[in-house]
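Please work through each task before reading its solution.

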Amino acid sequence: MNSLAIEIHEPRAQRVAVNDEALQVDLTDGRTIIVPLMWYPRLWHGTPQERDHFEVIGNGAYIHWDELDEDLSVLGILAGRPSGESAASLKKWLDRRHY
C-alpha cells in the first residue's frame with residue numbers, strides 16, 4: 001500500500017508594517033498580505049508609536065501589541081477575519097486609554 005505524505009506548512013510572518021491605513025504582513029513563503037487597519041480597531045485607535053511596538057511570536061504565527069492589548073494570528077489575517085471584539089468591549093478599552 002502506498003501512502004502520500006503531504007507536508008503542510010502554516011504561513012508565518014517574517015516582517016510586519018503598520019501605517020495609518022493598513023497592516024502589511026510579509027510571509028516566509030514570499031506572499032504579502034495587506035489589510036485595512038480599520039479591521040482592527042485597537043490598532044486603528046493606537047498611536048503610530050504604539051502600532052510600531054509589536055512582537056512576532058509563536059515562530060511567526062502571531063503578532064502581539066502589548067501596549068494595545070492586541071493579538072492577531074497570521075491565519076486569521078489570511079482568512080480575511082476582522083476583529084471580533086464587541087462594540088461594548090472596544091468602548092471600555094477606549095474609555096481606559098490615556099492620551
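**Exercise 1. In which sense do β5 and strand β6 pair, and over how many bridges?**

Solution. Strands here are DSSP runs of E with at least two residues, helices are runs of H or I with at least four residues, and both are numbered from the N terminus. Two strands count as paired if DSSP finds at least two bridges between them. β5 and strand β6 (residues 70-73) pair in the antiparallel sense over 4 bridges. Within this pairing, tyrosine 62 has serine 73 of β6 as its bridge partner. The model is predicted: local features need pLDDT of at least 70, side-chain atom pairs count only at pLDDT 80 or more, and totals for chains, interfaces and linings use all residues. Residues are numbered from 1 along each chain as its sequence is written, and side-chain values use heavy atoms, with hydrogens and water left out.

**Exercise 2. Describe how strand β4 is joined to strand β5.**

Solution. Strand β4 covers residues 55-57 and strand β5 covers residues 62-65. The two run antiparallel and are joined by 3 bridges. Opposite valine 56 stands isoleucine 63 in β5.

**Exercise 3. Which residues take a positive phi in the two hairpins?**

Solution. As background, most residues other than glycine have a negative phi. Begin with the hairpin of β4 and β5, which has 4 residues between the strands. In this hairpin, glycine 58 takes a positive phi near 60 degrees. Asparagine 59, in the loop between β4 and β5, has a positive phi of about 60 degrees although it is not a glycine. Next, take the hairpin formed by β5 and β6, also with 4 residues between them. Aspartate 69 in the turn has a positive phi of about 50 degrees, although this residue is not a glycine.

**Exercise 4. Is asparagine 59 buried or exposed?**

Solution. Apply the cut-offs: buried means under 20% relative accessible area, exposed over 50%, and partly exposed in between (1.4 Å probe, protein chains only). Asparagine 59 has 68% relative accessibility and therefore counts as exposed.

**Exercise 5. Summarise the protein chain as a whole.**

Solution. First, list the elements: the protein chain has 4 helices and 6 strands, in the order β-β-β-α-α-β-β-β-α-α from the N terminus on. Second, consider burial: 33% of the 99 residues are buried. Third, consider contacts (heavy atoms within 4.5 Å). Of those with a separation of 6 or more, 43% are between residues 24 or more positions apart.
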